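Some notes for your read-through follow. Please keep the model open alongside them.

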Amino acid sequence: MAKLVSKTYGDALFELALESGRVDELFQETKELLNIVRSNEDLTKMMNHPKIVIEEKQKIVEDIFRERVSRELIGLMTMIIAKGHYNEFDSVLEYFIDQVKEYKKIGTAYITSAMELSLAQKDSIRRKLLDTTDYAQFEFIYDTDPSLIGGMVIRIGDRVVDGSVKSKLSRLTSELSKAKLQMP
């Protein structure tokens, strides 16, 4: 159900952004709104509170965001509240952001390495990914995991390239355990 809600409303917002020629503007605004919604637990509790009526929730959203957010996003929020789906609101925003990224050919690469990468290494990875994918640009999320021993793991969407020493050792161990030793 959650995927259907995020897809339905996210697609509607994306179509609106395309038709109005405001893809970039709504993209930036949506990313900021997602940060606000995620960082404000009190707002989420209030919007999900069963004793606060829908009309009051809608008025609260309009009062809070009137001068800060476009009328399209306020309209989306009030519609989602009216349908009782506020708990899916961040998923709707994430879906829209992903749609825009795909449209603008912006990839998100998760890079996990055994140790901190230098700027030169990061630049080399960026150039290699731009050359080997259809993306025009990337957002990079770097992490370190010393258990990898060496190398790195790169994840873009559902594709994973595991070039870590840990993975190579694991494959080697598996292959050696399958090998039958032949005695002369």
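1. Start with Y95. Y95 sits in helix α6; helices are DSSP runs of H or I, at least four residues, and strands are runs of E, at least two, both numbered from the N terminus. R155 lies 60 residues from Y95 along the chain, with 19 Å between their C-alpha atoms.

2. On provenance: the model is predicted, local features need pLDDT of at least 70, side-chain atom pairs count only at pLDDT 80 or more, and totals for chains, interfaces and linings use all residues. Residues are numbered from 1 along each chain as its sequence is written, and side-chain values use heavy atoms, leaving out hydrogens and water.

3. The largest nonpolar core has 30 residues. Such a core joins buried Ala, Val, Leu, Ile, Met, Phe, Trp, Tyr and Cys residues through side-chain atoms within 4.5 Å; buried means under 20% relative accessible area (1.4 Å probe, protein chains only). L33, F65, L76, Y86 and F89 touch the most other members. At least two core residues come from each of α1 (2–20), α2 (23–39), α3 (41–48), α4 (54–65), α5 (71–82) and α6 (89–103).

4. Check F89. Leaving aside neighbours within four places in sequence, F89 contacts L33, V37, L76, M77 and I80.

5. A second, separate core holds eight residues, including L117, I125, I154 and I156.

6. E29 belongs to helix α2. Leaving out residues up to four places away in sequence, E29 touches V69, S70 and L73.

How values were computed:
Buried < 20%, exposed > 50% of the residue type's maximum accessible area, 1.4 Å probe, protein only. Contact = heavy atoms within 4.5 Å.
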